Amino acid sequence: MSLSDPSHGLAFDPLRLAARPLAVKAAFVLAGTLVLALASQIAVPMVPVPITMQTFAVTMIGALYGWRLGALTVLAWLGEAMLGLPVLANGSGGLAPFAGPTAGYLVSFPVIAALAGWLSERGWTGDRVVASFVAHFSANLLCLAIGGLYLASLLSTEKAWALGVAPFILGAVLKSALAAAALKGMRIYAGRTRLD
């Protein structure tokens with residue numbers, strides 16, 4: 001196995017991105033930032049942190065793109081936000097979200113995309129629904145931990161738990177289950193198309 005060819009040995013690469021040319025990967029990064037921007041607008045307003053589909057999209061991009069390209073895609077999306085594009089929750093952008101109560105969650109996103117992607121590349125997805133759920137749920141919990149720690153530095157630990165962690169645990173469970181089911185469905189669909 002060559003170190004320069006990452007396509008060998010990957011347990012899950014449904015989009016076959018590891019073997020695609022750089023221009024195709026760049027197009028996927030751009031498409032991924034669009035998906036992230038759209039998922040960010042699906043929100044339930046809460047204070048100080050809204051519930052969005054961002055973490056679902058972040059972990060799915062990690063799982064589908066792999067840990068390197070997934071993290072790069074999330075970093076590109078955060079870069080768009082820093083430049084002022086309205087790609088974050090509630091159409092926000094600029095530097096303010098990176099200094100406010102959501103900063104810890106935003107910083108965690110490339111890390112959780114990488115975690116979900118790394119675990120998926122090692123087979124924690126597709127047919128292994130429980131492992132897929134655990135991979136996504138672990139990434140979601142890491143996001144809540146990093147975001148909650150930062151929020152605690154702005155508020156108290158109790159307020160950070162009550163406002164920035166506890167209300168999001170059920171959502172993390174549901175989004176992780178949805179991700180595992182979607183990836184299982186992709187595996188089933190891919191198997192059927194190979195038989196046709």
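This report walks through a predicted model, starting with confidence and moving on to the core and one serine.

## Confidence

Overall, the chain comes out with an average pLDDT of 88, and 88% of its residues reach at least 70.

## The main nonpolar core

The largest nonpolar core has 35 residues, and the ones touching the most other members are Leu-36, Val-58, Val-74, Trp-77, Leu-88 and Phe-109. Helices α1 (22-40), α2 (54-65), α3, α4 (103-121), α5 (129-154) and α6 each put in at least two residues. Helix α2 provides the largest share, with eight.

Leu-36 makes a handy way in. Setting aside neighbours within four places in sequence, its contacts include Val-58, Val-74 and Trp-77. Gln-54, Ala-57, Ile-61, Thr-73 and Val-87 are also in contact with Leu-36.

## A buried serine

Now for Ser-176, which sits in helix α6 (residues 157-195). Is this serine buried or exposed? Ser-176 counts as buried because its relative accessibility is 0%.

Its side chain has a polar partner: the side chain of Asn-140, at 3.3 Å. Besides Asn-140, Ser-176 is in contact with Phe-133, His-136 and Phe-137, again leaving aside neighbours within four places in sequence.

Key
Residues numbered from 1 in each chain as written. Predicted model: local features only at pLDDT ≥ 70, side-chain atom pairs only at ≥ 80, totals over all residues. Heavy atoms only, no water. Helix = DSSP H or I, 4+ residues; strand = E, 2+ residues; numbered from the N terminus. Buried < 20%, exposed > 50% of the residue type's maximum accessible area, 1.4 Å probe, protein only. Polar contact = N/O pair within 3.5 Å; in protein donor to acceptor, adjacent residues only side chain to side chain. Contact = heavy atoms within 4.5 Å. pLDDT = per-residue confidence, 0-100. Core = buried A, V, L, I, M, F, W, Y, C linked by side-chain atoms within 4.5 Å.
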